[in-house]
Amino acid sequence: MSTDLTLQIFEIASVVWRESFEALLVVGILLAWSTRAAPEARGRATSWILAGAGAGLALALMLALIMSRAAGVLEGDGEDILQMIMAALAAILMLRMVFWMRSMDRGQTQDLADRAVRHAEAGNWPGLATLAALAVAREGAETVVFLFGLMAASQGWQAGFVVASGLSGFVLAAISFWAFKAGSKLVSRTVLSRVSEVLLLMLGSGLTMIVVDKVISLGIFSPMTGPLWDSSGLLDDGSGFGAFLAGLVGYRARPELLPLLSLGFYWLIASLAYAPPLTGKSPA
Amino acid sequence: MRAIGWLMRLLAAAVLMVPCPTAFAEDEDPVFEVHFSNGVVSPSVIEVPANTRFKLELHNDGSTPIEFESIPLRKEKVLAPGASSFLVFRSLSEGNYAFFDDFHLDMPPATLVAR
């Protein structure tokens, strides 16, 4: 019995950790980077991001309620369409964020343009908040259904046990979150920017793949070809590390042409952030 | 930044196109059922027609939540205990597609066989 209980605690905690990992990573990157890159706007950035995360949590609760009650709206294609829109918006915001980070970095070395750039780009705070909200809402809804479903099905002390296990999952996620924040203080600003950009771009890549999956799933476009190769023998996208990579960066063991083209297009746009500016002036 | 503006417009156009194919969702599609119960998937092998539209009804009969997940099928769906829902598939090519319950990873995956 007691080994069974430990196993259950571990399982519940690991699901909660897995489901909240990506959202916390995004919020962690945004918080860590914005406090370092724009110290004078630190309070404002933090409150925008936290407000976004809060709104995301509210949205997650709402989605979870719709999923478990009036499931009609989110049955069949409904959920695919919603997921596609949220993932597309998040992927675009990730790219925009990286472009913004790059322009802030360039502004740093050009003192003259510095202030102007900051002012012009001040309008990006809502973007930051939206990014945090989308990250929390996308992953949060599933966590809420999972935890509430478990609680609804258990009685008395068991419900408390579910809550405790779920909390330990959040604590696990929070530890990863604080590890990231603490680590961010140890490295130089440039390193932090680079790491944040690369992480955001990889997450954006995973989001792009979700969009492609939904687009194909909804029949908007065909995958163009059958699978072009099969690397599932090398790294299976359905289990273990392969599944982790599949969710986070969009790894597919048997990709068709459309997903490959879309990823190529995504990384082409991403690489524009690193192309040297064509003219001498800072990008508008 | 201009490139992103274009990308956004492209995606907006794609989103606007969505209602068209879904508007034809009729109840005439063949329906297949799969039941989940605390990690046990039954039947564990489901035969479906290839290159045809069909519905897959998911029922969670267990006392714990489940998540239907499959990367090759491009689908994921969370179900609370006692809940039911469905997924719509359009033209699957022939082949075997593994799917699993992401909330019960210790259980073996099941397979959708398209013929």
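Q: Why is B:Ser91 called partly exposed?
A: B:Ser91 has 15 C-beta neighbours inside 10 Å. A residue is buried if 20 or more other C-beta atoms lie within 10 Å of its own, exposed if 12 or fewer, and partly exposed in between, with C-beta atoms placed from the backbone. The count for B:Ser91 therefore makes it partly exposed. The model is predicted: local features need pLDDT of at least 70 and side-chain atom pairs count only at pLDDT 80 or more, while totals for chains, interfaces and linings use all residues. Residues are numbered from 1 along each chain as its sequence is written, and chains are lettered from A and ligands numbered from 1 in the order in which they are written.

Q: Where is B:Ser91, and what is noted about its phi?
A: B:Ser91 lies in the loop between β7 (84–89) and β8 (95–101) of chain B. Its phi is near 35°, which is positive although the residue is not glycine. Most residues other than glycine have a negative phi, and most peptide bonds are trans.

Q: What makes B:Asn38 partly exposed?
A: B:Asn38 has 17 other C-beta atoms within 10 Å, so it counts as partly exposed. B:Asn38 sits in the loop between β1 (31–37) and β2 of chain B. Its phi, near 50°, is a positive value in a residue other than glycine.

Q: Which peptide bond of chain B is cis, with omega near -5°?
A: The bond from B:Ser42 to B:Pro43 is cis. B:Pro43 is in the loop between β2 (40–42) and β3 (45–48) of chain B.

Q: How many helices and strands does chain B have?
A: Chain B has two helices and nine strands. Helices (H or I, at least four residues) and strands (E, at least two) are DSSP runs, numbered from the N terminus. Along the sequence the pattern is α-α-β-β-β-β-β-β-β-β-β. Of the 115 residues of chain B, 32% count as buried.

Q: What makes A:Leu192 buried?
A: A:Leu192 has 20 other C-beta atoms within 10 Å, so it is buried. A:Leu192 belongs to helix α7 of chain A. Leaving out residues up to four places away in sequence, A:Leu192 touches A:Ala32, A:Trp33, A:Arg36, A:Ser184 and A:Val187. Two residues are in contact if their C-beta atoms, placed from the backbone, lie within 7 Å.

Q: How do α7(A) and α9(A) cross?
A: Their axes come within 10 Å and cross at roughly 145°. Axes are lines fitted to C-alpha atoms, for helices over the stretch in contact, and angles run from 0 to 180 degrees between N-to-C directions. The residues of this contact divide into nine nonpolar, four polar and no charged. Ala, Val, Leu, Ile, Met, Phe, Trp, Tyr, Cys and Pro count as nonpolar, Asp, Glu, Lys and Arg as charged, and the others, Gly among them, as polar.

Q: How many residues does each chain give to the contact between chain A and chain B?
A: Chain A gives 38 residues and chain B gives 34 residues. On the side of chain A that touches chain B, the largest share, nine residues, comes from α3(A). That side of chain A divides into 22 nonpolar, seven polar and nine charged residues.
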